[in-house]
Amino acid sequence: MGFFKTMTEVPQTQQKQLALSLLKTPQSIRCPKQLRSLHVILLRTALHRSSYAVGNFITSCANLGLMNYAHQLFDQMPEPNSFVWNTLIRGFQQNHEPRKVMDFYDRMRSERDGPDCFTYPFVIRACTELAENVRGKCVHGLLFKVGLELDMFIGTSLIEFYGGFGDANAARRVFDELPVKDKVAWTVLLSSCVDKCSDLEAARKVFDEMPGKDLVVWNIMIFQYVKAGDVRNAYELFTLAPVKDLLMYNTVLGGYARHGEVDMMLNFFHDMPAKDLVSWNTVIGGLVRDNRIKEAMNCFQQMLSENISPNEITLVSLLSACAQVGALDTGRWLHSYIDRNNRGLNVVVATGLVDMYSKCGDLESADYVFNKLQNPDVVAWNAMIMGFSMNGQSKKTLKLFTRMKSGSVMPNEVTILGVLCACVHAGFVNEGRELFNSMVKDLGLAPKVEHYGCMVDLLGRAGLLDEAYKLIQSMPMEPHTGVWGALLGACKLHKNVELAETAIKHLNELEHEDGGYLTMMSNIYANAERWDDVARTRQLMRTKGVDKLRGCSSIEVNGEIHEFGVEDKVHPRLKEIHEMIDEILSHLRLAGHVASRSEVFFDVEDEEKDKALLYHSEKMAVAFGLIATTKGTVIRVVKNLRICGDCHAVMKLVSETFEREIVIRDRSRFHHFKNGRCSCGDYW
């Protein structure tokens, strides 16, 4: 400010020269205070009547986002020329005020000179931003009247306008009529073919016709192939590019990662001449999505060895991977890495940690991280609420929800879903009803199909089958498989065959691929001793070519994930696992345990049923945990299906007999087994 203060102390002639010098470089005015000082000098030196001075002053206002100030100054000019008008209109466009652009355009049309070739590009762009298709076409028609339709800058704006409305043909007609076409016009035409029109064939035709293609154009075309899932053509085009930058490499790499071609991604990554953080994050993310967690961690370690520092995307991606497979040891190592390297717990990384700890069954650590947050956002609150809910801590979920409502963060649909799930797990029917009814009345949230699914599950488990069915009939949207599946599960629990038949009828109409529902219906018929219906259901499964999803369980030991299927026969320590299962079986017999065979198909002999139950994937994983970890270590297992009744009973006995805490995360919730009891209280 010292310079501006000095200006006011020199003669007016020098003030005028200095002001004009400043106005030549509007970016030199860096704050509103300097702008106001300059305005004073304009008034003193009569430069406020100069179109050149006012026009450049308006540019300074636009750079600072002070268009109201520019507007006031403009209105004080008796006869602004087209330069001043256009500068003001450009300023409004620059500051994303398209409505003001149109207002001043309408005012300018009544002036003697009227809009010119410098005005219309901003006007057309404003029509695009305002989504005023008809108005834009009217402006285009007016251009023919004033003879400006062939101007290259105006034509480029029109191509962008028609492309923005998905009218690639009109965009192409405007382009073809232009007598001169520069690189910008070609690039805008190419973008118009893909951004809203999604016409890759037309885009490729434009690309092939385009003279002197630069890196931007090559990158646009390759990215569009990747976006459309056509990685093969993206790679072919990549090989043809005369010059390749890192962005182009990362685009192709991202295409392989996004579309699950992980081995191709790794080969391409290995051959890249240079790599940045985006490259590493892409590969780590691709490995995580393919459940190759160990390779993702190895990649992370290699990245650190090459002195590439991770960002929150890297860390959240890895934490998400640990959450998926229940890799608590690896997740803890990541947490210690964050602390050791002073990464700081911003809300995004902290939420990733809360989610990871919750999904690994370590609620104490999740709660510790959450309570360290100064200002948790709604996503962080939801992660902690979901954590308590899925781990069967329903009372803590409700308490945390009450705490959230008393603060400044408003619950959203995900919050309500988490609390409703907690009500389902504990059988809190009244609390669930009250919350569901309050969604619209108190929170202004419309229940989605997932909320209805939770309510059907809640009512059905409690034996209120008629109320659950009436709720389905009252839904404003079509129920999905989760809703009818919840009703079918409740019918199995409460042996209501008639309503189960209604549910399975709707499930069959939805044409889902999961044969688990038909398996459940077969067992419902078998428990009711309706053997003809059992046979008919089994035949339907064969006809539709569906089967029950195979059970799979995983356990992390010393940072390595071990997976087991039913009667797994490939694990290197299989003999020891079978010996441990035999030991478990002897303890079960001593305890008087009788296998629950109701969930195995009726046409299997009892001995085979017992064998099938004995080698369920979660039993295999727990047996491995018993032989592979030291006494006192918590055994944590992740299963892709709902735990069966027999496995649930066995885990209670194993936790007591072997004095181990066992945590099993199945498809819908956690079961914490300790001293012969389960956290679910056998309500599941």
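Two strands pair if DSSP finds at least two bridges between them. Helices (H or I, at least four residues) and strands (E, at least two) are DSSP runs, numbered from the N terminus. Keep both in mind as we start with the sheet.

This is a predicted model, in which local features need pLDDT of at least 70 and side-chain atom pairs count only at pLDDT 80 or more, while totals for chains, interfaces and linings use all residues. Residues are numbered from 1 along each chain as its sequence is written, and side-chain values use heavy atoms, with hydrogens and water left out.

**Stop 1: the sheet**

Select strand S3 (residues 635-639) and S4: they run parallel and are joined by 4 bridges. Here Val638 stands opposite Arg665 in S4.

On to strand S5 (residues 670-674), which pairs with S4 in the antiparallel sense over 4 bridges. A hairpin of 4 residues joins S4 to S5, and the bridge partner of Ile662 in S5 is Phe673.

Look for Ser554 opposite Val638.

Zoom out, and you have an open sheet of 6 strands with mixed pairing, in the order S2-S1-S3-S4-S5-S6. Its edge strands, S2 (560-565) and S6 (677-678), each pair on one side only.

**Stop 2: the cores**

Next, colour the nonpolar cores: sets of buried Ala, Val, Leu, Ile, Met, Phe, Trp, Tyr and Cys residues joined through side-chain atoms within 4.5 Å. The largest has 175 residues, and those with the most contacts inside it are Leu190, Phe300, Met356, Leu487 and Leu488. Another core lies apart from it, with 34 residues, among them Leu588, Val622, Ala623 and Ile643.

**Stop 3: the rings**

Rings of Phe, Tyr and Trp (its six-membered ring) pair if their centres lie within 6.5 Å; planes under 30 degrees apart count as stacked, over 60 as edge-to-face and the rest as tilted. The count comes to 24 aromatic pairs. One of them is Phe300 with Trp333, edge-to-face at 6.2 Å centre to centre and 85° between the planes. This pair links distant parts of the chain, 33 residues apart: Phe300 is in helix H19 (residues 293-305) and Trp333 in helix H21 (residues 328-340). Phe300 is buried at 0% relative accessible area, whereas Trp333 is partly exposed at 29%.

Finally, select Tyr235, Phe238, Tyr249, Tyr256 and Phe268, which ring pairs link into a cluster. The charged end of Lys244 sits over the ring of Phe238, 5.3 Å from its centre (the criterion is NZ of Lys or CZ of Arg within 6 Å of the ring centre and within 35 degrees of the ring normal).

Conventions:
Buried < 20%, exposed > 50% of the residue type's maximum accessible area, 1.4 Å probe, protein only.
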